[in-house]
Amino acid sequence: MAAASGGGFLRRWRRPAEGLGRAVRAVCGSGRAAAGALRAEQLAERLRRSEEKKREVSILFSPQTPKDPAQRRIRELAMLSKQLQQVHPNVLAKVLKQETVYQDEEIVVINKPYGLPVHGGPGIKNCIADVLPILAKMLENMKAEPLHLCHRLDKETTGVMVLARSKEAADRIRLLFKTRQVEKIYWAISLGDPDPTEGIVEIPIVEKEVQSHQSHYKMTLAPNYRLSAEDGKVVKIRKNRNAESAVTRYRLLASSAACSLLELQPITGVKHQICVHLAYGLGCPILGDHKYSHWSKLAPQKLPGITLKRLKLEQSKARHLPLHLHARRLSLPLGKRIDLVCKPPLFFQKTLRKLELEIPKD
């Protein structure tokens, strides 16, 4: 789980000054020859990195750290997400090994932590794709073939993620995803209750630029129908040629404190499909979805008073609330059908308890 996975190295980072002390002793205690060999800029770089770590840890463990457990967990989760970008790749691979929930001769399945990107990009130091060779060796031996990605989850999404032990197995599983033979079940905590409580959202999705004081791009709905202004009848409109077909089945599992626990089955796999269908199709954005809770601006999600009260959270701190979207189950037809299930991360489970949303029994 995201909150639990990083506990070990979080504790080891509580005393960053030790690293600084070792760096200084290494220079001062090794004699003039060693001191002459070490360039001044190398020492300066070590000191700078040590001070950066010290400042980060001081934010997390300083007297200003919120006393309220809920706000402290949110702060810790945000720091953990940042620290996953700073640890050595071997440490990250070890975290993923601890999150392994299933493996056989063809696949390895992990419970993806929160805040960890699958692919690299600008500003991303660590991602799952980069540590797959290290993870393969940790699971097997030094001659193990690197693992292969079969699909992806967004950075903030947790849950079931399938890796293949060979390129052939990866290609076969990717084809299963492409031809919609993989059954995917997600859990999400949303704001508000969907009406009706069970159904299918079948509305195409397209990416558009949002014109505001801070222009940005978002996925949004591109419906094929609209209501006539004259008589209120449903009228078919021209299809947006850039839009992708998107279908999401949903079901209400529990409701309390102006929030809902939803079971979601995306039939298609369009970018940000679940977030868009819930926020703009059903009017029930996911808790912690600060991107799709508003259309015309990038701003923290506005939470109902009863939700803030149950979470013991101030609206000014809502921007730190993580996205509550979890890939709960995958069903893969690999000869026989394999059902892969992952429990939600600790922060998700604690939010369910605080909101008094009863977790369904399997």
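1. At roughly what angle do the axes of helix H7 and helix H8 cross? Before the answer, a reminder that this is a predicted model. Helix H7 covers residues 89-98 and helix H8 covers residues 128-139; their axes come within 8 Å and cross at roughly 65°. Since angles of 65 to 115 degrees count as roughly perpendicular, that makes H7 roughly perpendicular to H8. As for handedness, the crossing of H7 over H8 is right-handed.

2. Here is who touches whom at that crossing. On the H7 side you'll find Pro89, Asn90, Leu92, Ala93, Lys94, Leu96 and Lys97. They meet Ile128, Val131, Ile134, Leu135, Met138 and Leu139 of H8. Sorted by class, the residues of this contact come out as 10 nonpolar, 1 polar and 2 charged.

3. Have a look at Thr100 too, which sits in strand S1 (residues 100-103). Setting aside neighbours within four places in sequence, Thr100 touches Val108, Val109, Ile110 and Leu139. Leu139 has already come up, as one of the H8 residues that H7 meets.

4. The largest pocket has a volume of about 780 Å³. Its lining is made up of 34 residues, and those nearest the centre are Lys184, Tyr186, Thr268, Gly269 and Val270. Several elements give two or more residues to this lining: helix H9 (167-178), strand S5 (183-191), strand S12 (259-266), helix H10 (273-281) and strand S13 (325-334). S13 provides the largest share, with 5 residues. By class, the lining splits into 15 nonpolar, 9 polar and 10 charged residues.

5. The second largest pocket holds about 570 Å³ of space. It is lined by 27 residues, and Tyr114, Asp154, Lys155, Glu156 and Leu323 are the closest to its centre. Which element gives the largest share of this lining? That would be helix H6 (residues 69-83), with 3 residues.

6. The peptide bond from Asp195 to Pro196 is cis, with omega near 5°. Pro196 is in the loop between S5 and strand S6 (198-202), and S5 is also among the elements that line the largest pocket.

7. The other one is Ala258. Is its phi positive or negative? Ala258 has a positive phi of about 65°, although this residue is not a glycine. Ala258 belongs to the loop that links strand S11 (247-256) and S12. S12, like S5, gives two or more residues to the lining of the largest pocket.

Note on methods:
Residues numbered from 1 in each chain as written. Predicted model: local features only at pLDDT ≥ 70, side-chain atom pairs only at ≥ 80, totals over all residues. Heavy atoms only, no water. Axes fitted to C-alpha atoms, helices over the stretch in contact; angles between N-to-C directions. Helix = DSSP H or I, 4+ residues; strand = E, 2+ residues; numbered from the N terminus. Parallel < 35°, antiparallel > 145°, perpendicular 65-115°, else oblique. Left-handed = near helix turned anticlockwise from the far one by under 90°. Contact = heavy atoms within 4.5 Å. Nonpolar A, V, L, I, M, F, W, Y, C, P; charged D, E, K, R; others polar. 1 Å grid on protein atoms, 1.4 Å probe; cavity = no way out; pocket = protein on both sides within 12 Å on 5 of 7 lines; lining within 4 Å. Points joined across faces, edges and corners; volume = space filled by probe spheres on them.
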